[in-house]
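Here is a short report on one protein chain.

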Amino acid sequence: MDRRSFLALSAAAAGAALAPAAVAAERDWTGRQPVRYPDPDIVGLDPRFGKYKLGNTPIQRLWTGALWAEGCAWDAAGRYVVWSDIPNNRQMRRLDEDGHVSVFRAPSNNSNGNTFDFQGRLLTCEHNTRRVVRYEHNGSISVLADKWNGKPLNAPNDIVVHPDGGIWFTDPGYGIMLNYEGHKDTLQLREAVYRIDPASAEMDLVTDEGYKPNGLCFSPDYKKLYIADTGGPNPRGIDVYDVVDGKKLANRSRFCSMELNGKFGGSDGIRADVDGNIWSAAGWAGEGYDGVHVFAPDGQRIGMILLPEICANLCFGGEKRNRLFMAASQSLYAVYVETQGAHIC
């Protein structure tokens with residue numbers, strides 16, 4: 001082993017040792033007591049993370065008051081972030097210009113995942129109605145998907161768009177497993193990932209290989225699709241596929257494991273940055289784990305953003321797409337990073 005490799009390994013080990021000592025649970029999240037820079041809850045585990053970590057910016061709690069915050073998405077034209085508060089059956093919105101937060105849509109049919117298409121229209125996964133909808137510019141609602149082979153979808157969860165106009169979404173069924181986030185019912189379909197064709201509006205099942213396909217995102221060049229699997233045995237993780245002709249998936253492999261230092265948490269929402277790193281919402285493993293985990297393109301965990309709550313979803317936004325918004329349990333958080341989101345929201 002040469003000196004450079006030894007130093008890199010030593011730095012990674014030192015970073016990993018920092019994680020349990022983080023102060024996310026104890027810090028004053030109201031902002032009245034400032035955090036000394038660099039923010040101790042932005043944790044580097046590998047020298048590569050240093051490129052993306054700003055030394056003079058804090059993690060901020062922008063708002064709290066949800067029961068289970070999910071599905072954040074950035075509207076660049078409107079300069080706002082929207083997210084779902086699933087049990088409270090509403091969508092929330094925070095305006096960028098003055099930080100004003102208000103109810104965006106209620107009832108929301110227990111909406112979960114949200115994104116914007118290339119025409120600036122909001123796409124939403126609804127638990128209660130078990131469908132995917134699009135909000136048109138004139139205020140009307142178009143139902144894009146609610147059945148597969150004549151059977152109702154389970155409960156669409158997360159959603160992304162492709163430049164060819166295709167809409168990809170996951171259907172793990174969490175919204176009908178309990179009455180808390182929709183209405184309890186029986187899954188009639190195997191958990192799967194679907195694509196809606198922009199020309200024909202027809203739906204195709206692109207994979208049902210996983211246990212509970214949840215968050216998903218494309219690589220910056222749209223040649224790969226990453227899918228967080230929140231079901232099955234530990235260690236859970238994120239899978240990656242090759243995207244074939246923009247319409248099909250092939251060559252499934254495990255991208256990363258969500259196990260860390262013997263803690264078996266999971267990934268939920270995921271997003272890629274312009275360098276191909278995958279930023280993953282993470283949770284269900286407690287202090288020193290819950291928040292955001294950052295994985296390099298080779299699948300190695302290089303950094304963490306620790307939060308005092310389970311993080312369910314995230315998106316890049318702001319004027320330069322360099323602000324990471326995090327929907328975490330009861331709250332909305334944000335932090336500036338030295339990269340940009342690879343996609344429109």
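Asn-149 sits in the loop between strand E10 (147-148) and strand E11 (151-152). Helices (H or I, at least four residues) and strands (E, at least two) are DSSP runs, numbered from the N terminus. Asn-149 is not a glycine, yet its phi is positive, about 55°. Its relative accessible area is 65%, so Asn-149 is exposed. Buried means under 20% relative accessible area, exposed over 50%, and partly exposed in between (1.4 Å probe, protein chains only).

This is a predicted model: local features need pLDDT of at least 70, side-chain atom pairs count only at pLDDT 80 or more, and totals for chains, interfaces and linings use all residues. Residues are numbered from 1 along each chain as its sequence is written, and side-chain values use heavy atoms, with hydrogens and water left out.

**Backbone exceptions**

Most residues other than glycine have a negative phi, and most peptide bonds are trans. The table lists departures from this pattern.

| Site | Backbone value | Location |
|---|---|---|
| Asn-251 | positive phi of about 60° | strand E19 |
| Tyr-37 to Pro-38 | cis, omega near -5° | Pro-38: loop between helix H1 (3-18) and E1 |
| Asn-234 to Pro-235 | cis, omega near 0° | Pro-235: loop between strand E17 (224-229) and E18 |

Asn-251 counts as exposed, at 58% relative accessibility.

**Sheet and hairpin**

An open sheet is built from 5 strands in the order E1-E25-E24-E23-E22, with antiparallel pairing. Strand E1 (42-44) and strand E22 (266-272) stand at the edges; each has a single partner strand, so one side of each lacks a neighbour in the sheet. Neighbouring strands of this sheet are turned by 25° against each other on average, direction ignored. Here axes are lines fitted to C-alpha atoms, for helices over the stretch in contact, and angles run from 0 to 180 degrees between N-to-C directions. E22 and strand E23 (residues 278-283) run antiparallel and are joined by 5 bridges. Two strands pair if DSSP finds at least two bridges between them. Arg-271 faces Trp-279 in E23 across the pairing.

Elsewhere, strand E18 (residues 237-244) and strand E19 (residues 248-257) run antiparallel, with 7 bridges. Asp-239 stands opposite Arg-254 in E19. The hairpin of E18 and E19 has 3 residues between the strands, and Asp-245 in it takes a positive phi near 55°.

**Two buried residues**

Arg-121 lies in the loop between strand E6 (111-116) and strand E7 (122-126). Is Arg-121 buried or exposed? Its relative accessibility is 17%, so Arg-121 counts as buried. Its side chain makes polar contacts with the side chains of Gln-119, at 3.0 Å, and Glu-136, at 3.4 Å. A polar contact is a pair of N or O atoms within 3.5 Å; within protein, one must be able to donate a hydrogen and the other to accept it, and residues adjacent in sequence count only if both atoms are side-chain atoms.

Phe-325, in strand E27 (residues 323-336), is buried at 1% relative accessibility. Leaving aside neighbours within four places in sequence, Phe-325 is in contact (heavy atoms within 4.5 Å) with residues including Leu-62, Trp-74 and Tyr-333.

**Whole chain**

The protein chain holds 1 helix and 27 strands. Buried residues make up 56% of its 345 residues. Along its principal axes, the C-alpha trace spans about 60 × 45 × 35 Å.
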